[in-house]
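Student: Please take me through this model by asking, for each term we use, what value stands behind it and which rule that value is held against.

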Amino acid sequence: MKTKNANPFTYEQLTEDDPYKYLEEVESDVSLTFAKNNNDACLEALGDPKTSGTNTYERVLSILESNDRIPYASKYGNSEEEEIILFNFWKDSNNPKGIWRRTTMDSYKTEKPKWKTVLDIDELGKKESVSWVYKGNSALPRARDDPNVLGEKYGQCVTRVLVKLSRGGADAVEIREFDLTSEKFVSQEEDNGFFLPEAKSRVSYKNRHVLYVGTDFGEGSLTDSGYPRVIKNWVRGTNLEDATILFEGEKTDVSVFAYLSDQRLNGGPVYEVAGRSVTFYTSKYFVRILSEEQLLASEPQDCSSPGDFQQVDIQDDAEIMFLGKWMMISLRSDWEPVPGGKTYKSGSFIYTDAINFLDKGKEESSFEVLFEPTETTSFNGYTCTKNYLIMFTMDNVKDKMDFYKIEEDGSLKFITGDKEGKIRSCSASPIDPYDNNMFWFTTSGYTQPSTLYLADAEKVAEATESNEEEEDKFIVEKLKSLPDMYDAQNLNVKQEFAISEDGTKVPYFIVSRNDVTLDGTNQVLLYGYGGFEISMGPKYIGSVGAAWLERGGIYVEACIRGGGEYGPNWHQEALKANRNKSYEDFIAIAEDLISSKVCKSSTLAIRGGSNGGLLMGNMYTMRPDLFKAIHCAVPLLDMKGYHKLLAGASWMAEYGDPDTSDWKEFLHKYSPYHQIDPEKKDYPKILFTTSTRDDRVHPAHARKMVKKLQDMEIKDVYYYENIEGGHGGAADSKQSAFMTALAYDFMFEATKEGKSEE
């Protein structure tokens, strides 16, 4: 007998036929006609957000294009006048695709900094008749530039970057070298500038004249997931096809990678790291040490191997990083380096002497524990200034920070840290880790707008020595603050817990009015993701406030298994055959909201995208009685064929392999595309949104699901496919505001209608 939280069909009841496979042709006339016709029908039924009169589109667009947003910046060096040079990428109503611009730190600190545009993406797109979307850049580190080229200016400022440009927002990018001195793209013909055509490339500078390149070199150079299988050293002035192979992986790997970890200024060597991402969560690392001569070699014959790579003898699901002489290790499972010796717990963050480990092995190495998890705490990353390590952890999904001094001998000494976690999001990043201990510090919460501070880790040590107890004692000055983007004066944030089907306590955050009446009629939006060890938690999202909270709705965020809220174990509890745990957690939260009279099923809307779209699809087929409206964005839905669509093969460590017994044993149980019951007509209202240019999660997932529902004559099914946008669903602010308003107006009107239902 099926539980009430199960999908309707067993394996034996499913058919292998897929009559809608033709919709997997991304840009075929049939597929694009399907998208256009459904877009028109969707707007006719739900209304065009731009003309509907709800004002949601205008409110969201004003937030996305507000000039009051914080212009987050990064240091790119110093000017000849010793001024700190900062760069920022900025979009607004005049620059929808964005401009890359620079200013000085002194100007940045003022209310209205003076910016100079370095690269205008809108102008570039117009000039080349391409809808370019800026996807960031990879800079040439100052220490790896060429002193023979720069002379006295060596080390002063970043001179070259690799700009990544995407057509319409796809993951695949075109890569062009850009010179920050002339503020122009480096000519391929005249100056041997680096250029890579559109591909899912992995590229970074080894030095000014050599790149690490992983791209589509031709047959056999990509993995089954569509990512690079080969990394090469590409020397300036030579043909890409003549680049020498540095490292190769297997076709079945997700991808390969290579990078430099230059620890010279931290008292360590230059580590050249290469590796295979065997699955999404397992990797094999290979390391070798480079001399300065090998690091800066710029002739093809000089880029030969400095010695064989040495495989790092750690378990495959661990991650490594380097800090000075230390190898930092983040564990995803218990590890016993020496048989019969100490076991380091899953979720721990430990370190050891890197050279000793590489030379003598793990059996002859000693390990220090920087963090060991408890039932409620988890490691959430770290960053470093020149002399301090800042570690981020979570306690019951509340942020904490700890500070460690990096002593002259490289040892790490605990200085101080938060005694209790806070319901907020906080981040820190060094301004220049080679120069000083200053860092950017940003905080935000569900109702607290983001604030950017200039901070100094030295102040932590000073305050500790003087026994000062003030909070965030490292802050030097407040630099920028986002104004209230919506009215949050009467809002309250609480953390609650629901009990899942197996008895697990599952946290969720609820944002509501202080004077909310628990009569079951409140319009509630429940958001969830639950996958890939990605954590939910407090952060300021102005569009949620304007499109939902300001209209009287209640916003709830679910911290379900599959995420990383309690570390790797929380994630692993919902992998593959245990995926049902994630769905049971989400259902438990929904039922908790209903039983506590926050809402009723007819006033409860849910929303999720990507892996969260798979969650939405399963809520639609598993518990159609529990929800009034569902927004299913850029989703996975066909779990029989997902691994053969775009990057799908890279996710088999998360979901399972449909070509094995996994399909029969468990995958079919949570494949929404296969679990629609044609006899059941009372499904909730659902809006599917995706993007033609999404080259990560194939738009066919949503297309095929919608076509199948339509042919079954199931009502209240809406579909909108943005022609641009990539996996984010939108290529610029106007598109993003349109898609956001469409979804929120749909959910709000549906739950408003449900207020009068029993």
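Tutor: Let us begin with what a strand is: strands are DSSP runs of E with at least two residues, and they are numbered from the N terminus. The model itself is predicted, and its protein chain holds 17 helices and 37 strands.

Student: Why is asparagine 514 called partly exposed?

Tutor: Buried means under 20% relative accessible area and exposed means over 50%, with partly exposed in between; asparagine 514 has a relative accessible area of 47%, and therefore counts as partly exposed. Leaving out residues up to four places away in sequence, asparagine 514 touches Gln489, Asn490, Leu491 and Asn492. Methionine 401, which is 113 residues away in sequence, is 30 Å away in space, C-alpha to C-alpha.

Student: What makes glutamate 80 count as exposed?

Tutor: The limit for that word is over 50%, and glutamate 80 has 55% relative accessibility, so it counts as exposed. This residue sits in the loop between strand 1 (74-78) and strand 2 (84-90), and apart from its neighbours within four places in sequence it is in contact with Lys153 and Gln156. Glutamate 80 and glutamine 572 are separated by 492 residues in sequence and by 52 Å between their C-alpha atoms.

Student: How do you know which class lysine 164 belongs to?

Tutor: Its relative accessible area is 24%, which puts lysine 164 in the partly exposed class. Lysine 164 is part of strand 6 (residues 160-167), and, not counting residues up to four places away in sequence, it touches Val133, Tyr134, Lys135, Gly136, Ser138, Val173, Glu174 and Ile175.

Student: Why is tyrosine 719 called buried?

Tutor: A relative accessible area of 1% is under the 20% limit, so tyrosine 719 is buried. Tyrosine 719 is found in strand 37, and its contacts, leaving aside neighbours within four places in sequence, include Phe34, Asn38, Cys42, Phe688, Arg703 and Val706. Proline 658 is 61 residues from tyrosine 719 along the chain, and their C-alpha atoms are separated by 27 Å.

Student: What is phi of serine 610, and in what loop is this residue found?

Tutor: Phi of serine 610 is near 65°, a positive value in a residue other than glycine. Most residues other than glycine have a negative phi. Serine 610 is in the loop between strand 34 (604-609) and helix 13 (611-622), and because its relative accessibility is 13%, serine 610 counts as buried.

Student: What is phi of aspartate 716, and how accessible is that residue?

Tutor: Aspartate 716 is not a glycine either, and its phi is near 60°, again a positive value. It lies in the loop between helix 16 (700-711) and strand 37 (717-722), and with a relative accessible area of 31% aspartate 716 is partly exposed.

Student: How do you know whether the length of helix 13 agrees with its residue count?

Tutor: At 1.5 Å a residue, the 12 residues of helix 13 should span 16 Å, and since its end C-alpha atoms are 16 Å apart, the two values agree. Helix 13 is described as mostly covered, with 12 of its 12 residues buried, among them Asn611, Leu614, Met616 and Tyr620.

Student: What makes the protein chain as a whole fit the description of a compact globule?

Tutor: With 758 residues, a compact globule would have a radius of gyration near 27 Å, and the protein chain has 26 Å, so the value agrees with the rule. Along the principal axes, the C-alpha atoms fill a box of roughly 75 × 65 × 60 Å, and 59% of the 758 residues count as buried. Among contacts with a separation of 6 or more, 61% come from residues 24 or more positions apart.

Conventions
Residues numbered from 1 in each chain as written. Predicted model: local features only at pLDDT ≥ 70, side-chain atom pairs only at ≥ 80, totals over all residues. Heavy atoms only, no water. Helix = DSSP H or I, 4+ residues; strand = E, 2+ residues; numbered from the N terminus. Rg over C-alpha atoms; globule rule 2.2 N^0.38 Å. Buried < 20%, exposed > 50% of the residue type's maximum accessible area, 1.4 Å probe, protein only. Contact = heavy atoms within 4.5 Å. Expected span 1.5 Å × (residues − 1).
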